[in-house]
Number of protein chains: 2
Amino acid sequence: VHADDDDRVYQLVEPLHPADIADLIELVPAEERVGLGKAIAELMTGEVISELNEHVRDALFEQLSPDAVAQIAEQLETDDAVALIEDLDDADQRAVLAELDPEDRAAIEDALSFPEESAGRLMQRDLVAVPEHITVGNLIDYLRDNSDLTTEFWEVFVVDPAHRPVGACQLSWILRTPRHIPISDVMKRDQTLIPATMDQEEVALRFQKYALISAAVVDSAGRLIGQITADDIVHIIQEEASEDALLMSGAGEGDINQPIRESYTERVRWLIANLGTALIASLIIAAFGAAIEKLVALAVLMPVVASIGGNAGTQTMAVSVRALAMNQLTQSNTLRVLWREMRVAMLNGVTVAALIGGATAFIFEPMLGLVIATAVVINIITAGFAGVAVPVIFDRLDQDPAVASSVFVTMITDSMGFFAFLGLAVASGLVG
Amino acid sequence: VHADDDDRVYQLVEPLHPADIADLIELVPAEERVGLGKAIAELMTGEVISELNEHVRDALFEQLSPDAVAQIAEQLETDDAVALIEDLDDADQRAVLAELDPEDRAAIEDALSFPEESAGRLMQRDLVAVPEHITVGNLIDYLRDNSDLTTEFWEVFVVDPAHRPVGACQLSWILRTPRHIPISDVMKRDQTLIPATMDQEEVALRFQKYALISAAVVDSAGRLIGQITADDIVHIIQEEASEDALLMSGAGEGDINQPIRESYTERVRWLIANLGTALIASLIIAAFGAAIEKLVALAVLMPVVASIGGNAGTQTMAVSVRALAMNQLTQSNTLRVLWREMRVAMLNGVTVAALIGGATAFIFEPMLGLVIATAVVINIITAGFAGVAVPVIFDRLDQDPAVASSVFVTMITDSMGFFAFLGLAVASGLVG
């Protein structure tokens, strides 16, 4: 991007949707982003900025004054403004809040008072709530006469005098109904209410399960304080679901825009943990050092047993972590799922053992084939057990099963793999 | 569930939401599902059945006649009926289709003519489309007078005489506007149109990117043929995102309700593939058999080098697969991301190498410490490269990067781990 191309760049970018402009900024190398930002300064609306990747936005905000950030936040709806401000560090947050209009500041501070990743942070405060006694005609007139009402709503919430939700009404039902019908005859009484303190992952599961487009958020006294719409939930589900894959592999947040130092500290922790588990496996091998010296084929084949077990354990673990995340694996069916996975493991174990056992018997000697086949069966069954048990135990202890299960499952399958194979080789009299 | 408890069971289940009834059926052991189904036969509506896990539903359908399945399908909207019928095998599909009303059959056959997992299968045919010249008042009267119109719509689509979409109008905008205003003044002209053949994963990305609640589906001539709503997309996103974690671990579909035989065949393939890669590693070890016989510490430590590399490769691969799925990793920034991951790998490699190298030098001898440290650095950098390159290559070849990347990355890191460590041990003169 050259300085004299600014007009041309502007013309190219101008027709794009804010989300596309944000993507474009992310795709450009970091050092060219400032130049691009200057060329399209007028197009850098709050919407574009709220669509930007968190790390790209952080880098941008470091070059802006709190006043400029506050101006961007004021263009946005409460939930988007909160998402933007909650990522700042405490000092920057205070500086930006101080620059906001008192009304916006109050709304954002209120949202920030709810726990991170809770419904209270996600919700929009702007919504349409009406009393139970009005008619469809009254409602339509009210909507037409109040030009300061939001247009971002898909349901009208019906509340009692204490502002507690008593029903919800899809806009299509209102449009299909004659003016004289009372709203209480049109609304649906059983609606899904979201407590403001509910975790966003749980909110997303509710939206998914009950196929919601919007839902009312209530405070601890049951009063209506906001609404959450499906377009926000789509982001949450994407984040939460892909988070598990990254966490299981020990990749932390795993964002390609994350600063290198952060990626390093997130990942090196798990590599060091893995080093610890690998050393336990080494201790087991060292205990059988004399056997290996006598029969070097043991050293050649032992990684096969450990590797197959590790793979089988990862498979079962991925299934269990997902079932836990979807609330499909509960106390009532843990034993059933465990038994199911053990049977799959036995089938897998016998198949793989036959292959490797046969090949080993042919290349080396029959007894070594029998030893490796038995060790593979033992290790795959152990993997099936650990792949369910480890995530379930973490879940019962209120820990995220995706985070640390990998390290433990690998430790178990590596150790068991080496121990079963080398132990059986000695016990069978193959070596000295 | 005892026969004489049927009334009690019915009373307990009756107040539940269809999605909750479906969950309950899934949680009950398979052999008790028939008894439960009988007790709550009247509550087993099409909605409950369409919420059931695919495998639980298949088992249920095996006990039902095509006529009974057709009756269930007729209670549902087109998209849900299609989801239900597309899972049946060909013979059952034909039998059920033959029992349907001609009109429903035509709609479902039409949907089935689109590729699996395409927008054409996901969409609802029922929608509200109006010509451009009418006013808000005309539209409201039309909606009130036509009682056979759907109520499941969140936007009204405005079409030209050839039935091509020219705009879309949120219901809230219609409710906020006086009757005499033309609809063309209220509608938004630039809307996101979904071609019927678009893959559902791409559809979901559009919904996420542009924060859509509903979108028009068009045929190859650009005519409006259906709509997709955000509540369906929420399911797709959950499936697609958690699918990647399962695919990367080689767990296939990874559903705890899947029949054991299916889980076995899906998983054993990857275990056998893993066996192949482990044997390549074994060949490398075998080539250094003489060195291991002389210095058994090599056998003790070599799994550490391979394991750390495998872990680092999995981390980078998880990050790359996610970035590819989110369209964040494209041709224009592949080299930048590769370079970024190499730098993270160097930092990780140096840290881990210092730890293991120091410990080895202390326990065994300094030269072996230097050898293992160098091998770890080489293997982690190789892992960083392969973790980006392998998924990107699969993606360029139009293969799903989540499916087979694991096997290749593990093969590369295992082989390189053993080769670098044992090769350096020999080259450094540590052994013979």
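This is a predicted model: local features need pLDDT of at least 70, side-chain atom pairs count only at pLDDT 80 or more; totals for chains, interfaces and linings use all residues.
How many salt bridges does the rule find across the interface of chain B and chain A?

**View 1. Strand 5 of chain A pairs with strand 4 and with strand 6.** Three bridges link strand 4 (residues 193-195) to strand 5 in the parallel sense, and A:Leu193 stands opposite A:Ala216. Together with helix 14 (residues 200-210), these two strands make a right-handed β-α-β unit. Strand 6 (residues 224-229) runs antiparallel to strand 5 and is joined to it by five bridges; here A:Val218 faces A:Leu224. Five residues separate the strands of this hairpin, in which A:Gly222 takes a positive phi near 85 degrees.

**View 2. Chain B and chain A bury about 10,500 Å² between them.** Carbon and sulfur atoms give 64% of that area. On the chain B side, B:Leu175, B:Arg176 and B:Ile256 lose the most area to chain A, together 9% of what that side buries. The contact takes 117 residues from chain B and 117 residues from chain A.

**View 3. Six salt bridges cross the interface of chain B and chain A.** One of them joins B:Glu341 to A:Arg267, with the closest N and O atoms 2.8 Å apart. The rule also finds 44 residue pairs in polar contact across this interface. Helix 18 (residues 297-325) of chain B gives the most to the side of chain B that touches chain A, contributing 17 residues.

Conventions: Residues are numbered from 1 along each chain as its sequence is written. Chains are lettered from A and ligands numbered from 1 in the order in which they are written. Side-chain values use heavy atoms; hydrogens and water are left out. Two strands pair if DSSP finds at least two bridges between them. Helices (H or I, at least four residues) and strands (E, at least two) are DSSP runs, numbered from the N terminus. A crossover is right-handed if, with the strands pointing away from the viewer, the path from the first strand over the helix to the second runs clockwise. Contact means heavy atoms within 4.5 Å. Buried area is the accessible area (1.4 Å probe) that two parts lose on being put together, summed over both. A salt bridge is a side-chain nitrogen of Lys or Arg within 4 Å of a carboxyl oxygen of Asp or Glu. A polar contact is a pair of N or O atoms within 3.5 Å; within protein, one must be able to donate a hydrogen and the other to accept it, and residues adjacent in sequence count only if both atoms are side-chain atoms.
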